[in-house]
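The following note sets out comments on the structure shown below.

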Amino acid sequence: MESWFTRRSVGELLPGDHAWLSYHGREEHDHVIGAFLRDGLAGADKVIYIADDGRAELPDLRSRYRLEPETYLRSGQLAILPQEETCLTRGVFDPARMTTTLREVLDRAETERFRGVRVTVDMTSAFRRGSGRDGVLECEARVEAAISPSTMAMAICQVDARSCTTEELIALKERHEVLVGADPYFDDGVLSITPTFHPRGLRLSGELDGARHAVFAESLRKVVDRGGEVHLDLAGLRFIDLGALSMMAGAAMHLDARVVLDNPSNELADVVELVSSRLLPWLEIGDGEAR
Amino acid sequence: MTRLIHQVLMYDNEKDILDTVVPFLQEGLGAGEAVLTVGTAPNLSCLRQALGTDSDAVEFADSASWYVQPTRTIANYSSFIAENATARIRVVAEPGWETGTPAQISEWTRYESIINEAFADISASVLCLYDRRTTHPGLLDGALRTHPEIVEGACPRCNDAYLDPAAVCASVDRDPLPPPPPGAVRLPIDDDDLSALRSFLAGHARHHGMSRPRVNDLLVATTEVATNAIRHGRSPIGCQMWREDDDLIVQVTDAGHWQPDPVPGFVPPDPGSLSGFGLWGVRMLCALVQLRTGPAGTTVRLHVPCR
């Protein structure tokens, strides 16, 4: 029952959004959080990263976006706050302290005349400390209370999905109204192409025909370059032409990658089946699960 | 023996079938060949009975599902050949068609002719069956022009009426297409974004009560043909659509002079190469595809059944 949540790409986040990201690896983390930080720094937002183990957690802004973090740290637009100083008391997660920190940060940003405030905090290790789970959940409720009414602040709470149980993830997710995901590689209102990380691939929505083969080829190349099995989530795809199917098969054939078409509509699956017997032994239909 | 033997038997009664077909099948089974029998339901049951336990080694298929349209039939045979790549092949092939529109009769005649070229290098014996009592004379005439050997009284002989596949294909594509009816709806194609074309087609197709899967076939096939016209043809490019009995017809015209191969898009492209996929895919999706090219430009007419 995910219909209670709003899904937004990181570029669509709005002030007042208290968003949730459960990532499945460094690549996904850096892709989403990197875009969140870049959008803030390139705009005029105060950007606050509450980190467990300091700088190492930050996506590499220099290689990704040619942004120099030092410049922004010096100017005060970027702040990296250790969790010890912001939300732990004697090594145990302390919701009250976290809330105080957050309120201070928001107030200060306002007086410093930033356009907005972006906060992100990785809850993964907090979860593992002392009264972790309950503390984190309480904290999430308080963050929600602080951010939601704000007209200038937005926050992303992150957790490494691989280090939590399914129940913990569900409990955390339910504390958030917005699920944040990667920005699309391409979106012109007719077709959107968004990278996915678990499984690795692309999510296609809308209509894909010859007019958009070039952008599709470029996106496909990006994901194939990442290596391994490629999943194309077609649940939102209303139309695909034979040329694009052929490009998918071509990618699989030339790069020796497995290309799996997940959740196609019945009509789309029929077309794939009709032409697949001989031409497209390289493609297979899947259900979104990596194998 | 490494070449295709393509024979026809025009029968008048079940005895003709039993006298010719049963020994033909038994010979293949005795030689360890991969044996396939495609036939009408009554003939399949008659052959099964006559073969007794030998029938276990024969693959049977019903004509009604095997011979839906030529490109799919060729794909079915290609799959059987691929699945039995190491064996010599023996096929009894009864199309089971009795009649059709003139265009369908021409297309099936072309199909029988293409077999000679497409499978020329396959080590196979194919015996086609036509029921002389019920089959349209046009189809029987076509079968006479497209089988190098004819079987009479259980003996094969060289067929003097046989024509080269290129000649048969050229004759099928020589007749001009009848003009679209006055009520045909039309839309110019002046943008490479074809989503507007698809909305136009889907709206009219639903108005004609076309089922959802067939609407999708129509959209995929038309998009492919229109994309081809945009990329390789010349403007002006236009699309027209009308109803003809149980089919919807979509026609895409452009001012270019496409000169396709003599037998374009009937044979499944090699899985190792992605060229030739488009037109083959279009033929797989449609009941009939008609191509005409001349000084006035290129016309591709697609027939898709409403159901």
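**Domains and interfaces**

1. The model is predicted. Within it, chain A is divided into domain 1, spanning 2-181, and domain 2, spanning 186-286. The centres of domain 1 of chain A and domain 2 of chain A, taken over C-alpha atoms, are separated by 33 Å. Four residues from domain 1 of chain A and five residues from domain 2 of chain A make up the contact.

2. Between domain 1 of chain A and domain 2 of chain A, about 470 Å² is buried, with 65% of this on carbon and sulfur atoms.

3. One salt bridge is counted between domain 1 of chain A and domain 2 of chain A. The side chains of Glu27(A) and Arg200(A) form a salt bridge, with an N to O distance of 3.1 Å. The side of domain 1 of chain A that touches domain 2 of chain A comprises two polar and two charged residues, and no nonpolar residues.

4. Turning to the chains, the contact draws on 27 residues from chain A and 31 residues from chain B. Chain A and chain B bury about 2,400 Å² between them, and 64% of this area lies on carbon and sulfur atoms.

5. Four salt bridges are counted between chain A and chain B. Asp209(A) and Arg198(B) are joined by a salt bridge, their closest N and O atoms lying 2.9 Å apart.

6. On the side of chain A that touches chain B, at least two residues each are supplied by β13 (230-240), α10 (242-255) and α11 (266-276) of chain A. By class, this side of chain A has 15 nonpolar, five polar and seven charged residues.

Methods. Residues numbered from 1 in each chain as written. Chains lettered and ligands numbered in written order. Predicted model: local features only at pLDDT ≥ 70, side-chain atom pairs only at ≥ 80, totals over all residues. Heavy atoms only, no water. Domains from an automatic or database assignment. Contact = heavy atoms within 4.5 Å. Buried area = accessible area lost by both parts, 1.4 Å probe. Nonpolar A, V, L, I, M, F, W, Y, C, P; charged D, E, K, R; others polar. Helix = DSSP H or I, 4+ residues; strand = E, 2+ residues; numbered from the N terminus.
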